[in-house]
Amino acid sequence: SKDAAIFLSNETLDYGEIKKGSEGTREFDVMNKGAQPLLLTGCSGSCGCTVPTCPREPIMPGKSAKISVKYDTNRVGPINKIVTIMSNDPSNPSKTVAVRGTVVE
């Protein structure tokens, strides 16, 4: 692609079964498979309990960076959330990642 092209290592972030109050941060890779710098212009979770952090600096062609997602593990029960990543990739201006798992007592 002559433009920036976003590629995610994972489109589902599966926590599996985790204990209440345990470490809730997970990471996945975002790669630029295009020819222009990739800019992540927005990262949001579907609720306040799911907070993604995207790199602010441009991701150069062929390079990758990490996106971290922090889930509030004090909320017992199933995890079924969405993280939305906005970028300057004209083919994929918005990508979603499903966040799944279960928090147990």
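Mentor: Leu 40 touches Ile 6, Val 30, Cys 54, Pro 55, Ile 59, Ile 67, Ile 85, Met 86 and Ser 87, leaving aside residues up to four places away in sequence. Contact here is heavy atoms within 4.5 Å. The model is predicted, so to speak of local features requires pLDDT of at least 70 and side-chain atom pairs count only at pLDDT 80 or more, while totals for chains, interfaces and linings use all residues. Residues are numbered from 1 along each chain as its sequence is written, and side-chain values use heavy atoms, with hydrogens and water left out.

Leu 40 belongs to the largest nonpolar core, which has 23 residues; Tyr 15, Phe 28, Val 30, Leu 40 and Ile 85 have the most contacts inside it. Such a core is a set of buried Ala, Val, Leu, Ile, Met, Phe, Trp, Tyr and Cys residues joined through side-chain atoms within 4.5 Å. Buried means under 20% relative accessible area, exposed over 50% and partly exposed in between, with a 1.4 Å probe and protein chains only. At least two core residues come from each of strand 1 (6–8), strand 2, strand 3 (25–32), strand 6 (64–71), strand 7 and strand 8. Strand 6 gives the largest share, four residues. Strands are DSSP runs of E with at least two residues, numbered from the N terminus.

Next, the sheet. Strand 4 covers residues 40–45 and pairs with strand 7 (residues 77–87) in the antiparallel sense over five bridges. Pairing requires that DSSP finds at least two bridges between two strands. Within strand 7, Ile 85 is the residue opposite Cys 43. Strand 7 also runs antiparallel to strand 8 (residues 94–104), to which 10 bridges join it. A hairpin of six residues connects strand 7 to strand 8. Across this pair, Val 83 has Val 97 in strand 8 as its bridge partner, and Lys 81 stands opposite Val 99. The open sheet has four strands in the order 2-8-7-4, with mixed pairing. Strand 2 (12–19) and strand 4 are its edge strands, each pairing on one side only. From one strand to the next the twist averages 15 degrees, with axes fitted as lines to C-alpha atoms and angles running from 0 to 180 degrees between N-to-C directions.

That leaves the disulfides. The whole structure holds two of them, a disulfide being a pair of cysteine sulfur atoms within 2.5 Å. Cys 43 is bonded to Cys 54 with the sulfur atoms 1.6 Å apart. The torsion about their S-S bond is about -70 degrees, so this disulfide is left-handed. Because Cys 43 lies in strand 4 and Cys 54 in the loop between strand 5 (50–53) and strand 6, the pair ties together parts that are 11 residues apart in sequence. Cys 43 is partly exposed at 24% relative accessibility, whereas Cys 54 is buried at 15%.

The other disulfide joins Cys 47 and Cys 49, whose sulfur atoms are 2.2 Å apart. This link is left-handed too, with -75 degrees about the S-S bond. Cys 47 has a relative accessible area of 23% and is partly exposed; Cys 49, at 5%, is buried. With the bonded cysteines of the protein chain numbered in sequence order, the pairing reads 1-4, 2-3.
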